[in-house]
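Good morning. Please have the sequence and the model open while I talk.

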Amino acid sequence: MTPTVQQQAFLTALATTSSHLALIARAGCGKTSTILLGVAQEIQRNPRIEILVCAYNKAIEVEMSGKLTQAGHDWKAVQAKTAHALGFGLLKFIFKPQVDDKKVRKLVEAQNNDICQAYGPQITQLVAYAKQAGFGFFPDKAIGNVPAWHALADHFDVNGLDDTTEADLVVEAAQRIYRLSLNQTDVVDFDDMILFPLVKNLRVKFTKDLIFVDEAQDLSQARQALIRKFLRPNTGRMVVVGDDRQSIYGFTGADAAALPNQIELLKAAELPLSVTWRCPRAVVTEAQRYVSDIEAAPNAAEGSVTRVTDRETIDELMTSLGPTDAVLCRNTAPLISAAYKLIRAGKPCKVEGRAIGEGLTALVQRWKVRTIDAFMGRLETYQEREVQKAMAKGNEAKMEEVQDKCETLREIAGACMAKGGTQVSDMVAFIDNLFADSATGVTILATYHRSKGREWPRVILWEHAQRCPSRAARQDWQRQQEDNLAYVAITRAQVQLIYVG
């Protein structure tokens, strides 16, 4: 392919400078093709070069590996790997561990003390965040650094923990579990795949001359450090590729300032990739409300951005949806309601997110009741208790999560009963079908988070004004990520963007 002006500027910098580089790639601006162009150029310049493309997740790794193979690159010279695969590759030859992502929870449950029994979920969550932050590896994050643990709990709103005696006991328990987890090397969880090579200083035998880091804005501090460990000392170069305004996974433990932090650490020269080849002009104008430097391509179509609020027009829109459309929402519950409307209208659809379905199924089966009526009574009590607990601890994010999940299950229960279902097993079957991975050729419904990396000709943003930004976003970094979510959702549209509600 012929490089664009911005791609050529990047390729020139890659060929004529020796510094690390940062490619600031806005939504739909061709970052994957730019990485492939960079790989091809550097192999042509130096056939003996060893290159790593570090993918954010397994799906991206598979996609990138296929494109590298299709381009004729030798896998020995150019590899696409996730950071987890890199880390586990070091662990398996030394510790030969089993993988158990419930490792920390099991360690907590094995402790015979009141704090672990009362605050097991909070301790488990705090330990996971500490692993992703690299506690025990970075100088300012020693395992015994109590203020650092409190700062971590405060940053992620771990049930609103404050500097109280109770919080001190929770942090003390988390430190103890953290050390136990580090000592247990025959079992690892996914966080250990990143952390262990760092804290145990495992040697990397085969370092790389050039590393492209894709989706660099979504990396935890530990993941960033592990990738740098694979860079050839003194001569290796790194190209971090990402969009700071698509940073939306801070709630999972990602470094909310991952991209600027890496740029500063590497002293990387920044190059823009700001012309979107996905979005039409009208959608780009809408996206510029959040990200001013994204640009429409010179030959971009006009496209359209419309808003629909009256019930009759919304109903007409729903009946017109097909397999090239997507309905996106900030929260899950409204998607279930929208999916049911589509099902009643004879429109096949699928809600993205198998993990969401698994979580809903686990709650449906929690109380071992058989009928939907009995389940609804238990759900009401559960929601009241969990919301009160979250409110008492000042954790608005947890309160919103509980309410969203319970509203979702009420929508599912209503859909089942409307079809004559009376049993909890009917709800389980409904969830399995609605969140099935195998569904194709149907209208997609997804949360804003699940839509990242995807694109559709027509995108419907469902109840956007009511739900984005989330009311639970109180800290500055949380509010910024809500703006980022809006930008991500808007830039999924290739032709039409429609706000509904």
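One definition before we start: Ala, Val, Leu, Ile, Met, Phe, Trp, Tyr, Cys and Pro count as nonpolar, Asp, Glu, Lys and Arg as charged, and the others, Gly among them, as polar. With that in hand, the lining of the largest cavity has 4 nonpolar, 2 polar and 1 charged residues. Please keep in mind that what you see is a predicted model.

Let me stay with that cavity. How many cavities of 30 Å³ or more are there? The count comes to 1. The volume of the largest cavity is about 30 Å³. Its lining is made of Val213, Gln224, Ile227, Arg228, Met238, Gln262 and Leu266. Which element gives the most? That is α11, with 3 residues.

Rolling a probe the size of a water molecule over the atoms shows where empty space is left. The second largest pocket has a volume of about 680 Å³. It is lined by 21 residues, and the closest to its centre are Gly89, Leu90, Phe93, Phe206 and Phe230. The largest share, 8 residues, comes from α4. By class, the lining of this pocket divides into 12 nonpolar, 2 polar and 7 charged residues.

Now the helix pairs. Two packed helices are described by the angle between their axes and the distance between the axes. Helix α4 packs with α10, residues 190–199, at an angle of about 65 degrees, and the axes are 8 Å apart. Angles of 65 to 115 degrees count as roughly perpendicular, and α4 and α10 are therefore roughly perpendicular to each other. The crossing of α4 and α10 is left-handed. On the α4 side, the contact is made by Ala83, His84, Gly87, Phe88, Leu90 and Leu91. On the α10 side, Phe190, Asp192, Met193, Ile194, Phe196 and Pro197 take part. By class, this contact has 9 nonpolar, 2 polar and 1 charged residues. Notice Leu90: it is in the contact with α10, and it is also listed among the residues closest to the centre of the second largest pocket.

The other pair is α2, residues 31–45, and α3, residues 58–70. Their axes come within 11 Å and cross at roughly 45 degrees. Are they parallel or oblique to each other? They are therefore oblique. The crossing of α2 and α3 is right-handed. Thr32, Ile35, Leu36 and Val39 in α2 meet Met64, Lys67 and Leu68 in α3. The classes here are 5 nonpolar, 1 polar and 1 charged.

Last, the backbone. Where is there a cis peptide bond? One joins Cys468 and Pro469, with omega about 15 degrees. Pro469 sits in the loop between α21 (464–467) and α22 (476–490). The other spot is Glu215, a residue other than glycine with a positive phi, near 50 degrees. Glu215 lies in the loop between β6 (210–213) and α11, and α11 is the helix that gives the most to the lining of the largest cavity.

Conventions:
Residues are numbered from 1 along each chain as its sequence is written. This is a predicted model: local features need pLDDT of at least 70, side-chain atom pairs count only at pLDDT 80 or more; totals for chains, interfaces and linings use all residues. Side-chain values use heavy atoms; hydrogens and water are left out. Axes are lines fitted to C-alpha atoms, for helices over the stretch in contact, and angles run from 0 to 180 degrees between N-to-C directions. Helices (H or I, at least four residues) and strands (E, at least two) are DSSP runs, numbered from the N terminus. Angles under 35 degrees count as roughly parallel, over 145 as roughly antiparallel, 65 to 115 as roughly perpendicular and the rest as oblique. A crossing is left-handed if the near helix is turned anticlockwise from the far one by less than a right angle, and right-handed if clockwise. Contact means heavy atoms within 4.5 Å. On a 1 Å grid over the protein atoms alone, a cavity is a set of points where a 1.4 Å probe fits but cannot get out, and a pocket is an open set with protein on both sides within 12 Å along at least five of seven lines; lining residues have an atom within 4 Å of a point. Grid points are joined across faces, edges and corners, and a volume is the space filled by probe spheres set on the points.
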